[in-house]
Amino acid sequence: MSDIGGSDLMISISGVRGIVGRSLTPELLVRLGEAFGTYLRSGRVVVGRDTRVSGEMVKCAVFSGLLSTGCSIVDIGIVATPTTTLMIEALKADGGVVISASHNPVEWNALKFFRSDGVYLNAAEGEDLLRIYYSGDFLRKPWDGLKAIECVSDAEAHHVDRVLSILDVSLIRSRKFSVALDCCNGAGVGVSLRLLRALGCAVEPIHCTPDGLFPHTPEPNFINLQDLCRFTRERGADIGFATDPDADRIAVVSETGEFLGEELSLALAAQYVLSRAEKRGRPVVINMSTSRVCEDIARKAGSELIRTAVGEVNVAEKMEEVSAVIGGEGNGGVMDPRVHYGRDAIVGMGLILEFMARSRRRCSQLAAALPQYAMLKTKIECPAARSREVIRKLKGAAKGARATTDDGLRLDWDDRWVHLRASNTEPVMRIIAEARAREAAQALVDEYTARVRAALNGA
Ligand code: MG
């Protein structure tokens, strides 16, 4: 997908990503460091990165830019994204940078920018940063205004302690679970192993060498996790967990080796949290593209269900505003406000294991008890500049559906829905559909793919 639109460089309010050796150059990275340092008016910045081989090159360039603006840096090394966001808060830093292209293939790398509360910059803040970047008007400090780099080597311990603090550790330990773990040789290895061992689990690792050489395409989906499915079944593990390379997303495999899908990670966590008497009735926040499974779970628990535009910051800000009890994104992003307003794979692991421990049910049984839907996702090429026009054309065409246009176009019928939105990271239109039966979801995807094509062709 790297060359759609003619360039693989994506600079947007959600950060910057590109291909190392082509678009993601040291010059560009230094300027981004200068822009963020200027945006923060100097200050203290926490920087973490995933295991990618390119991470060191990217880090050195970003450090140079940040230092030149008078920032001091806390380098926490190779860590999961949620570890960095927790450290921004813990160290009362002014902001943070994560160097990771998340689920993108190995040739990519990216920068993401965080504010002092450890949450991504929102759209307005991202615009401010981009304005500084494009203006080139950077703070440049003289020699005696330059600050130091401090290295902190054990940020993971803080992260794991925070997650353990919300769990019933002795209950989970008493069950002595066996857990298969696939971290795609990414930054989730250390923190996942620490958490699972603290929970008394026997860990069966696969692809847990944190060298950044990804053994499979990193997106944690059915196709890419076939090794884990087989391995979980062969080893007789109670559950299999997969993290993406920066460990903010989690996918689950049942003890039978069945891939449950990323959508069910958040659903299982939400089902468990809302099963606790003190949590029932409190709001749940998810994005527009997340399964109705969570909607049904919330309704049953008497909780308000609020949907936001796609983007972690949108979910995080709404969760804080309404004091949500759980939230996240259907792509495997579980957010528990007791730890942080951010997606965290090990929060998901802990909640799901505690669900199994307290209910005394197997993972496959817990999944089978959830509301059953079929969700299909696809994407088609659509230049960013034309996406509004396409959405406008399609909005009027839907009969009998409730239309929401906060984020692209979402059409809801009683038994199915479809969501069309322009990607923030690629020049494509994403189409996501869900229905009770797979055939109905497929029919929706086919219909709206054809409609987008027709709109692009001027029909
Ligand atoms: Mg990620």
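How many cavities of 30 Å³ or more does a search of the whole structure find? I ran that search and got one. I note at the start that this is a predicted model.

**Entry: the cavity**

I looked up its volume. The largest cavity holds about 100 Å³ of space. I then listed its lining, which has 14 residues. Closest to the centre are Ser12, Ile13, Gly15, Phe113 and Leu129.

Which elements give two or more residues to this lining? I found β2 (15–19), β6 (108–115) and α4 (123–135). The most comes from α4, which supplies four residues. Nine of its residues are nonpolar, four are polar and one is charged.

**Entry: Ile19**

I stayed with β2 and picked Ile19, which lies in that strand. Is Ile19 buried or exposed? Its relative accessible area is 6%, so I wrote it down as buried, the cut-off being under 20%. Ser7 is twelve residues from Ile19 along the chain, and their C-alpha atoms are 9.7 Å apart.

**Entry: Thr38**

Next I turned to helix α1 (residues 26–39), where Thr38 has its place. Thr38 has 12% relative accessibility and therefore counts as buried. What does its side chain reach at 2.7 Å? I found the backbone oxygen of Glu34 there.

I then set aside neighbours of Thr38 within four places in sequence. The remaining contacts are Thr69, Ile132, Asp137, Phe138 and Leu139.

**Entry: helix α8**

I moved on to α8, which covers residues 226–234. Which of its residues are buried? I noted Leu228, Cys229, Phe231 and Thr232. I wanted to know what they pack against. The partners of these buried residues are β8 (178–182), β9 (202–206), β10 (239–243) and β11 (250–254).

**Entry: Glu262**

From β11 I went on to the loop between it and α9 (263–275), where I found Glu262. Glu262 has a relative accessible area of 10%, so this residue is buried too. What does Glu262 touch, leaving out residues up to four places away in sequence? My list has Pro220, Arg249, Ile250 and Ala251. It also has Gly330, Asn331 and Gly332.

**Entry: strand β19**

My last stop was β19, which spans residues 416–422. Why do I call this strand largely enclosed by the rest of the structure? Because five of its seven residues are buried.

I took its pairing with β18 (residues 409–412) first. These two strands run antiparallel and are joined by four bridges. Across this pair, Arg410 stands opposite His419. A hairpin of three residues makes the link from β18 to β19.

Then I took the pairing with β20 (residues 428–435). How many bridges join β19 to β20? I counted seven, and this pair is antiparallel as well.

Key
Residues are numbered from 1 along each chain as its sequence is written. This is a predicted model: local features need pLDDT of at least 70, side-chain atom pairs count only at pLDDT 80 or more; totals for chains, interfaces and linings use all residues. Side-chain values use heavy atoms; hydrogens and water are left out. On a 1 Å grid over the protein atoms alone, a cavity is a set of points where a 1.4 Å probe fits but cannot get out, and a pocket is an open set with protein on both sides within 12 Å along at least five of seven lines; lining residues have an atom within 4 Å of a point. Grid points are joined across faces, edges and corners, and a volume is the space filled by probe spheres set on the points. Ala, Val, Leu, Ile, Met, Phe, Trp, Tyr, Cys and Pro count as nonpolar, Asp, Glu, Lys and Arg as charged, and the others, Gly among them, as polar. Buried means under 20% relative accessible area, exposed over 50%, partly exposed in between (1.4 Å probe, protein chains only). A polar contact is a pair of N or O atoms within 3.5 Å; within protein, one must be able to donate a hydrogen and the other to accept it, and residues adjacent in sequence count only if both atoms are side-chain atoms. Contact means heavy atoms within 4.5 Å. Two strands pair if DSSP finds at least two bridges between them.
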